[in-house]
Amino acid sequence: YKYRVKLTPGSQKRGKASKQCIDMFLKSDAVAKGGKNTLRDSTLNKTAAAVERNQTLMKTTVTENEWIQTICGDVKISAPGASKIAKKQ
């Protein structure tokens with residue numbers, strides 16, 4: 001799976017956890033779109049277009065309320081880069 005987080009019982013509320021997950025997914029895409037790859041220009045353009053499409057779908061198809069209702073109770077998020085995002089908020 002491209003977008004993956006591990007939710008364990010914890011003290012973080014559902015709303016804040018869902019926003020943190022979405023931010024984490026969008027920022028991981030921004031790094032991929034940033035051009036750290038050493039691919040050809042045409043491949044990089046296709047990758048950037050796919051990243052842009054994924055971001056748009058993530059923002060528009062699932063509402064914030066649906067994200068919150070999907071998460072059960074108070075949670076702790078475990079994922080690569082989750083602690084960096086939590087410190088920024």
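The structure is a predicted model, in which local features need pLDDT of at least 70 and side-chain atom pairs count only at pLDDT 80 or more, while totals for chains, interfaces and linings use all residues. Residues are numbered from 1 along each chain as its sequence is written, and side-chain values use heavy atoms, with hydrogens and water left out.

## Overall architecture

The protein chain contains four helices and two strands. Along the sequence, the elements follow the pattern β-α-α-α-β-α.

Of the 89 residues in the protein chain, 21% count as buried. Here buried means under 20% relative accessible area, exposed means over 50%, and partly exposed lies in between, with a 1.4 Å probe and protein chains only. The chain exposes about 6,500 Å², of which carbon and sulfur atoms supply 54%; accessible areas come from the Shrake-Rupley method with a 1.4 Å probe, and for residues only the protein chains shown count as cover.

## The nonpolar core

In soluble globular proteins, nonpolar side chains tend to be buried together. A nonpolar core is a set of buried Ala, Val, Leu, Ile, Met, Phe, Trp, Tyr and Cys residues joined through side-chain atoms within 4.5 Å. The largest such core in this model has ten residues: Ala-17, Cys-21, Ile-22, Met-24, Phe-25, Leu-26, Met-58, Ile-71, Val-75 and Ile-77. The elements giving two or more residues to this core are α1 and β2. Helix α1 gives the most, with six residues.

Cys-21, a member of the core, is buried at 4% relative accessibility. Leaving aside neighbours within four places in sequence, Cys-21 is in contact with Val-5 and Ile-77. By contrast, Cys-72 is exposed, with a relative accessible area of 64%. A disulfide is a pair of cysteine sulfur atoms within 2.5 Å, and by this rule the count is zero disulfides.

Ser-18 lies in helix α1 and is buried, with a relative accessible area of 0%. Beyond its neighbours within four places in sequence, Ser-18 is in contact with Trp-67, Ile-68 and Ile-71. Ser-28 is also found in helix α1, but Ser-28 counts as partly exposed at 39% relative accessibility. The C-alpha atoms of Ser-28 and Pro-80 are 9.7 Å apart in space, although the two residues are 52 apart in sequence.

## Aromatic pairs

Rings of Phe, Tyr and Trp (its six-membered ring) pair if their centres lie within 6.5 Å; planes under 30 degrees apart count as stacked, over 60 as edge-to-face and the rest as tilted. A search of the whole structure finds two aromatic pairs. In one of them, the rings of Phe-25 and Trp-67 have centres 6.5 Å apart and planes at 45 degrees, so the pair is tilted. Phe-25 belongs to helix α1 and Trp-67 to helix α3, so this pair ties together parts 42 residues apart in sequence. Phe-25 is buried, with a relative accessible area of 9%. Tyr-3, Phe-25 and Trp-67 form one aromatic cluster.

## Salt bridges

A salt bridge is a side-chain nitrogen of Lys or Arg within 4 Å of a carboxyl oxygen of Asp or Glu. The whole structure holds two salt bridges, listed below.

| Salt bridge | N to O distance |
|---|---|
| Lys-13 and Asp-74 | 3.7 Å |
| Glu-64 and Lys-19 | 3.6 Å |

Glu-64 lies in helix α3 and Lys-19 in helix α1, so their pair ties together parts 45 residues apart in sequence. Both ends are partly exposed: Glu-64 has a relative accessible area of 42%, and Lys-19 stands at 43% relative accessibility.

The bridge between Lys-13 and Asp-74 links distant parts of the chain, 61 residues apart, with Lys-13 in the loop between β1 (6-12) and α1 (14-33) and Asp-74 in the loop between α3 (64-70) and β2 (75-78). Lys-13 counts as exposed at 53% relative accessibility, whereas Asp-74 is partly exposed, with a relative accessible area of 36%.

Conventions
Contact = heavy atoms within 4.5 Å.
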